[in-house]
Amino acid sequence: MSEIALQEEILAALRSNANKWRNIPITKSTSEARTIFDLIGDREHGRDFDLHTEKPLVKGSSVLSVEMFGGLQPDIVVWSKRSSQNRIVIEVKQGTEATHKEDDASQFLRYFLHLLVTSDPRPKGKADIDRGFLVAAPTPWFERQSLSQAWHHLVKQYGPPACRDIPHNAWRTARR
């Protein structure tokens, strides 16, 4: 399956309904989220959130974010209509390394920091879609160190202090 096909499969699942999300596992989570439902809940695409694909990250209220994230385009972003914030960033990988693969400047770290800078844990003091950064890839991608080194570095270095704020997870696809 190509990266584009995998991305389309994920988008179709996110456009469906909460019953489908209950069955989409998240593995290697630094939070208690074990399925996509744990992040999105019983919300509805179109009514509660929109999906943006390969759209540049916006600055939000921080000028710093333009310097760090300007022009980066994650594969899928779940954007909440309630808070008007990006809540979940999903990067899809099939057989490629991270763009900006340096451990402490990888696209993964930049996406993770983008969520910290531009979103609130409880926007306006109300419940919303949980924040999360996920990499969706087949299991062999995670097992191949040459491809997933930047991902593993992010989880090891930034996971423990940040897991209470933003879960960063691996959404492993069932296909090999």
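This note goes through a few local features of the predicted model.

1. Basis. The model is predicted, with local features requiring pLDDT of at least 70 and side-chain atom pairs counted only at pLDDT 80 or more, while totals for chains, interfaces and linings use all residues. Residues are numbered from 1 along each chain as its sequence is written, and side-chain values use heavy atoms, with hydrogens and water left out.

2. Serine 80. This residue belongs to strand 2 (residues 76–80), where strands are DSSP runs of E with at least two residues and helices are runs of H or I with at least four, numbered from the N terminus. Serine 80 has 0% relative accessibility and therefore counts as buried (under 20% relative accessible area, with exposed over 50% and partly exposed in between, for a 1.4 Å probe and protein chains only). A polar atom of the serine 80 side chain lies 3.1 Å from the backbone nitrogen of arginine 82. Although serine 80 and aspartate 128 are 48 residues apart along the chain, their C-alpha atoms are separated by 7.6 Å.

3. Arginine 87. Located in strand 3, arginine 87 is buried, with a relative accessible area of 1%. A polar atom of its side chain lies 2.8 Å from the backbone oxygen of isoleucine 129. Beyond four places in sequence, the contacts of arginine 87 (heavy atoms within 4.5 Å) include Ser80, Leu115, Pro123, Asp128 and Ile129.

4. Backbone angles to check. Serine 84, in the loop between strand 2 and strand 3 (85–92), has a positive phi of about 60° although it is not a glycine, and it is partly exposed at 48% relative accessible area. Lysine 124, in the loop between helix 5 (107–118) and strand 4 (132–138), likewise has a positive phi, near 55°, and is exposed at 67%.

5. Aromatic pairs. Eight aromatic pairs are counted, taking rings of Phe, Tyr and Trp (its six-membered ring) with centres within 6.5 Å, and calling planes under 30 degrees apart stacked, over 60 edge-to-face and the rest tilted. The rings of tyrosine 111 and phenylalanine 133 have centres 6.0 Å apart and planes at 70°, so this pair is edge-to-face. Because tyrosine 111 lies in helix 5 and phenylalanine 133 in strand 4, the pair ties together parts 22 residues apart in sequence. Tyrosine 111 is buried at 2%, as is phenylalanine 133 at 0%. Ring pairs link Phe108, Tyr111, Phe133, Trp141, Phe142 and Trp151 into a cluster.

Notes
Polar contact = N/O pair within 3.5 Å; in protein donor to acceptor, adjacent residues only side chain to side chain.
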